[in-house]
Amino acid sequence: MYDSQTARKIAEKRALDSTDQEIIVKAIDDGTETVWDRFADQQPQCGFGQLGICCNRCTMGPCRIEPFGKKPTRGVCGATADLIVARNMLDDLSTGAAAHSDHGREVLEVLLDTAEGRSQGYQIQDEEKLLRVASEYGINTDGREKEAIAGDLARAMLEEYGTLKNQIQLVERAPQKTKEAWKKAGIVPRSVDREIVEAMHRVHMGVGADYANILVHAMRTSLSDGWGGSMMATEGSDILFGTPVPCTTLANLGTLSKDKVNVVLHGHNPILSEMIVKAAEDPALVKRAEEKGAKGINLVGMCCTGNELSMRHGIPMAGSLLDQELAIATGAVEVMVIDYQCIFPSITHTASCYHTKVVTTSEKSKVQGALYKEFRPETGLDTAKEIIALAIENFPSRNPDRVRIPATPVRMMAGFSEEAIKTALGGSYKPLINAIVAGEVKGVVGVVGCNNPKVKQDYGHVTLAKELIKRDILVVETGCAAIASGKAGLLVPEAADLAGEGLKAVCKALGIPPALHMGSCVDCSRILVLAAHVADELGVGIGDLPLGGAAPEWYSQKAVSIATYFVASGVYTVLGIPPKIFGSQNVLDLLTTQLKDVVNASFAVEPDPVKAADLLEAEIERKREALGI
Ligand code: SF4
Ligand code: MSK
């Protein structure tokens, strides 16, 4: 137990945002264990693991390589540090690509079920996008019912996961020059499942033993995610639930309500949470909530399920990865509904300290101690209503003496899909290109990725975003990075006052924030599409554009895949958390230097966000100079 001054100091070290700090203090007072406590318990963390030079792939091991050139220099099988590092990276990346892509598959399955009349509560919301994407697939749209087209499209997209076609259609969206670079490097992705399965094959003992060859396949696998699984997750969700348009909502833990039934929607896939949004509007359930003494039902988002809902419905955003336990520690959450990804396995342990019930909904993502309500498309709305009813029944169990909700949520804008950005620009990318050519906007950087207890929560994201906009660099964001900027007040048009004169003028003229919320982790694919359109207008490759990427606080295997498909697509990307590759100088050289000759982009590692902004600005200047602007 700490005195209040010490608890406050600890909280200030853990998180940037004052509402997070407030609840960290409460969690400390309540004796509730959080991710930061577990992180402290793990110190010192294994140096071999951090360098990527331990291997636990087979039972001749586990093996580890001595990092200073002494023995052992090889694992029992003979693998070198180069090989062990490269295999570990491909393994991590493939896990991340699988997570995104399997999410995409589930969206497409719901699209197919909806097209064939088997789902409950779903409708095709964006017919215009349906027709547009269907035509990319060569599907006949003339005079046909939208359900018939959607059925054909869902089947064609599901085929992208298979192994017979050997060509992902959406790769055609990339500019010609980018595709040629991929072809030359042998990294054109063939299909989603094939690249991931092949990756698992290659990392088996006795298969891939050439680190460079392993990393080439890592690039191909990441492209099957960015231009395949993730892109299909985004497009399928837009067709089913609507393509986002700008909207204003609120962010931080203050979005929880003192007098309403609070339901937190946490995870990544919008297919169930979309039904929960519908269920929460059911007059019978609203009435039942009132009968239980609540003033209504309050839905808030968390992590990327939250991003999906903020983007399409303006549902308030309670927080990001490191906020999941804090939301429960407010004592005001009746139910936390989870689908999958980025959910702490200890979440039910946290909930057991309060009245919160955790509901799991995916057969893939069960958690011990949670209530399981299986999501199936044919009963989606019924399941959603059951979950809301459960939350209502739990409202009287809330102990008002243990509730603390921060006072002031912050306003934020979301909904900047690629289509919405184009609309905001007046229907064409020309104004953005003109502003870039004129130097008013020097370039664009995608700031994406997670939180990580190794970094003061949100410090990396917010500091980097502020530095970039100050230097007239437009920021586009997804995932927890977007949530961090939302909480920090950067996602409103008034934040343009923090930007350099050129970017400020552009934002003021268009009425947009200097940092644009483009969605969830799979929506990093929206950034790729935006880059492809701009490159096409200029007749260049993505690698020629003054673009950058950054993941200042990343933690997940999905982020390894995102960062790699950014680089493979031609976007120089700076990582704030060192990846587990420093045990191999050869792998480091390949990823940070030699890749430039292949895709005109590379990785960099820079934990200091101000120095990261320096690197990104220098790279943008390099690309501008090469373009002659
Ligand atoms: Fe050791 Fe080789 Fe087995 Fe890895 S694959 S655990 S390095 S023997
Ligand atoms: S939720 S993958 S912590 S961004 Fe997409 Fe945030 Fe990273 Fe999960």
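**View 1. Arg624, a buried residue in helix H26 of a predicted model**. Skipping residues up to four places away in sequence, Arg624 touches Ile436, Val437, Gly439, Val441, Lys442, Pro546 and Ile629, where contact means heavy atoms within 4.5 Å. Lys165 sits elsewhere: Arg624 and Lys165 are 459 residues apart in sequence and 38 Å apart in space, C-alpha to C-alpha.

A quick note on conventions. This is a predicted model, where local features need pLDDT of at least 70, side-chain atom pairs count only at pLDDT 80 or more, and totals for chains, interfaces and linings use all residues. Residues are numbered from 1 along each chain as its sequence is written, chains are lettered from A and ligands numbered from 1 in the order in which they are written, and side-chain values use heavy atoms, with hydrogens and water left out.

**View 2. Ligand 2 and its shell between two domains**. Around ligand 2 there are 13 residues, and the closest are His268, Cys342, Cys450, Cys480 and Cys521; a residue is in the shell if one of its heavy atoms lies within 4 Å. Helix H13 (303-313) and helix H20 (479-487) are the elements that give two or more residues to this shell. By type, the shell of ligand 2 has eight nonpolar, four polar and one charged residue; Ala, Val, Leu, Ile, Met, Phe, Trp, Tyr, Cys and Pro count as nonpolar, Asp, Glu, Lys and Arg as charged, and the others, Gly among them, as polar. Domain 1 (247-402) and domain 2 (412-627) both contribute, so ligand 2 lies between them. Those bounds come from an automatic or database domain assignment, and the C-alpha centres of the two domains lie 31 Å apart. The contact between them takes 22 residues from domain 1 and 26 residues from domain 2.

**View 3. Cys342, a buried residue with positive phi**. Phi of Cys342 is near 70 degrees, although Cys342 is not a glycine. Most residues other than glycine have a negative phi. Cys342 is found in the loop between strand E7 (335-338) and helix H15 (347-351), and its relative accessibility is 14%.

**View 4. Ligand 1 and its neighbours**. The residues surrounding ligand 1 are Cys55, Arg57, Cys58, Met60, Gly61, Cys63, Gly75, Val76, Cys77, Arg87 and Met205. They split into seven nonpolar, two polar and two charged.

**View 5. Helices H10 and H23, roughly perpendicular to each other**. H10 (residues 211-241) and H23 (residues 557-569) pack at about 95 degrees with their axes 8 Å apart; 65 to 115 degrees counts as roughly perpendicular, under 35 as roughly parallel, over 145 as roughly antiparallel and the rest as oblique. Axes are lines fitted to C-alpha atoms over the stretch in contact, and angles run from 0 to 180 degrees between N-to-C directions. H10 brings residues including Met219, Leu223 and Trp227, while H23 brings residues including Thr564, Tyr565 and Ala568.

Conventions: Helices (H or I, at least four residues) and strands (E, at least two) are DSSP runs, numbered from the N terminus. Buried means under 20% relative accessible area, exposed over 50%, partly exposed in between (1.4 Å probe, protein chains only).
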